[in-house]
Amino acid sequence: MRLQPQFLSRLIRCGLYFIYPTYAWVTAVICMTLVALCEPMVPALLQPLLDKGFQQDGFPVWLVPVALIGLFGVRGMGMFIGQVAVTKATQTGLLTLRMQMFQRLQDASLNLFRQQNASALGNTLVFEVQIGAQTLVGSIIGTVRDSLTLFALIVYLLYLNWKLSLIVALLIPSVAWLMKVLSKRLYKLTQNTQEATDHLSYAVEETALAHKEIRLHDAQDMQIERFRQRGLSMVRLALKTTVANAGITPLTQLLSAVALSAVISIALLQSHENNMSVGGFAAFVTGMLMLVNPIKHLSEVAGPLTRGLAALERSLDLIHEVPVESGGQFRSDRAKGLIQLHNVSVRYQVDLPLALDGVDLTIEPGQMVALVGSSGSGKTTFANLLPRFVSGYEGEIRLDGISILDWQLTDLRRQIAMVSQTVVVLNDSLAANVALGQIPDREKVMECLLAANLGDYLQSLPQGIDTWVGHNAVSMSGGQRQRLAIARAMYKNAPILILDEATSALDNESERVVQDALQKLQQGRTTLVIAHRLSTIEKADLIVVMDAGRVIEKGTHQSLLNADGVYANMFRLGQSGQSTDMVL
Ligand SMILES: Nc1ncnc2c1ncn2[C@@H]1O[C@H](COP(=O)(O)OP(=O)(O)OP(=O)(O)O)[C@@H](O)[C@H]1O
Ligand SMILES: [Mg+2]
């Protein structure tokens, strides 16, 4: 088989993940060689049996079972140990690859999660890498084993009759050419199939995610149709793949048949000229027929080889092509909390308007700043800037006088506790969720839960803080989840606190209690609050009013009322509606 150099280097790139443990490979190679050597032994045993066994008296009959059972015993043993060794090596490599991929998910630039949905990532990490590794290793092992067998058989045939054996050589380039043509097409088809699989599993993910919305809006039929369309494209791709794949076998078999018939005819003719023994002829034809299987396997290997490679390369792309979040060098255990923004603008996409537009703001350590503004005015974007969840911005953002780009990422994020609009809970115990990332200190967890007004909820749980909260805590109410996030922020005890609508899911009564806790939490910390409730906003040291990404007013509650601008207007509207919320 002739391999393109590019193909070989791609193969090596994938193969490097699978070289350990070396002893497993050594065992596998020894076993495979043993198995390959056993192949020509069958015709080799046939020759003396036919030549001597049926002609001469005194042939020791007991030799037949001993030789046959011995041969197949050794061959079977070699196959068995070889397979176990290969599995050991494959699985070890698979784990290495998966670990590296998962580690990359932890430090990848956040754009990755905008470009790829959870099911696509899941597919790559869980299924594709496994199928890819198994197919690739399987086909490489098969190729090596069949090549060895082929080699051993050819050597034996050459030994028996070298002239005849030369015809076999014609088979090899023709098969190689066929493989080259078809493997290109198969590779492309495999890539398309991967994408189609992603789309199919995304439809499932979406149905699980939005099952209530889908039923409420009677969108089942629409979803089913979408699923059907995606399923149909997989059917089309599978058919195309089979057409390309299934063509290989009959074509190569035809080639083998041509070569075989030529060889057998010539052998028959030759046997009249040079007196080849019956045993010798039978051994040659048997050896010849035994060539068909390895040749067939070798000609079919293009399919799984390219499929496996394409699947593994997608995993490797995740490791090598996905950019890593980059941080600076500056380290600090605990920041003072001085936040300065100078002319900061954010644009999420080129064709979208600015989400933040030239924002200038200084937040002194320990100050509480309230951000108010209509929906979509850029408040969450502002909050996400500080922990660098927004990748690109213009202008300058400093924490303690150091640009946040120069802070080491882990240290920067350690300074910030955040309760965001959407609370995400991990499928772990309540304690682990509160202490997220640290080994839970049980007493501290209890303290935080109580302070976040989750005491009643805690009492209703059979296993207390060790209760498993389940997939995204579906068993918790929106308000409970929000309080869990508050407890988490308390546990983190960071110098900067960002509350993005932290109490929006709470009723008035619980909010009051949580507010108390939050106020305690805010003491001595720099706090950024995004809120609609007047009670929260009023107390702020500085109120920043935003509109369409710009800061349009800032000052204290009183000074803004005196200025009689947008804020004063919102305040009056809110009051006339007898509501505790601002009208925004
Ligand atoms: N990941 C994103 N990609 C593209 N555009 C975004 C993204 N996130 C937000 N935006 C856009 O940026 C603008 C500001 O959004 P942002 O979430 O900051 O508003 P907000 O003030 O927090 O609104 P709300 O009060 O509804 O939470 C909006 O126009 C929004 O559509
Ligand atoms: Mg928001």
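**Briefing: ligand shell, sheets and helix packing**

Helix 12 (residues 379-385) gives the largest share of the shell around ligand 1, namely 3 residues. The model is a predicted one, in which local features need pLDDT of at least 70 and side-chain atom pairs count only at pLDDT 80 or more, while totals for chains, interfaces and linings use all residues. Residues are numbered from 1 along each chain as its sequence is written, and chains are lettered from A and ligands numbered from 1 in the order in which they are written. Helices (H or I, at least four residues) and strands (E, at least two) are DSSP runs, numbered from the N terminus.

**Ligand shell**

- Ligand 1 is surrounded by 13 residues, the closest of which are Tyr348, Ala355, Ser375, Thr380 and Thr381; a residue is near the molecule if its C-beta atom, placed from the backbone, lies within 6 Å of it.
- The shell around ligand 1 divides into 3 nonpolar, 9 polar and 1 charged residues, where Ala, Val, Leu, Ile, Met, Phe, Trp, Tyr, Cys and Pro count as nonpolar, Asp, Glu, Lys and Arg as charged, and the others, Gly among them, as polar.

- An open sheet of 4 strands runs in the order 2-1-4-5 with antiparallel pairing, two strands being paired if DSSP finds at least two bridges between them.
- Strand 2 (356-363) and strand 5 (402-403) are the edge strands, each pairing on one side only.
- Strand 1 (residues 339-346) pairs with strand 4 (residues 394-399) in the antiparallel sense over 5 bridges, and the bridge partner of Leu341 in strand 4 is Ile397.

- A second open sheet has 6 strands in the order 6-7-8-3-9-10, with mixed pairing.
- Strand 6 (416-419) and strand 10 stand at its edges with a single partner strand each, so one side of each is left without a neighbour in the sheet.
- Neighbouring strands of this sheet are turned by 15° against each other on average, direction ignored; axes are lines fitted to C-alpha atoms, for helices over the stretch in contact, and angles run from 0 to 180 degrees between N-to-C directions.
- Strand 7 (residues 496-500) and strand 8 (residues 526-530) pair in the parallel sense over 5 bridges, with Thr526 in strand 8 as the bridge partner of Ile496.
- Helix 17 (residues 478-492) packs on the sheet and touches strand 6 and strand 7, its direction making about 170° with that of strand 6; two residues are in contact if their C-beta atoms, placed from the backbone, lie within 7 Å.
- Strand 9 (residues 542-547) and strand 10 (residues 550-555) pair in the antiparallel sense over 5 bridges, and the two form a hairpin with 2 residues between them, where Ala548 in the turn has a positive phi of about 45°.

**Helix packing**

- Helix 6 (residues 118-160) and helix 11 (residues 302-320) pack at an angle of about 140°, with their axes 7 Å apart.
- That angle makes helix 6 oblique to helix 11, since angles under 35 degrees count as roughly parallel, over 145 as roughly antiparallel, 65 to 115 as roughly perpendicular and the rest as oblique.
- The contact of helix 6 with helix 11 divides into 10 nonpolar, 7 polar and 3 charged residues.

**Backbone geometry**

- Most residues other than glycine have a negative phi, and most peptide bonds are trans.
- Asn343, placed in strand 1, has a positive phi near 50°.
- Tyr20 and Pro21 are joined by a cis peptide bond with omega of about -10°, and Pro21 lies in the loop between helix 1 (5-15) and helix 2 (22-38).
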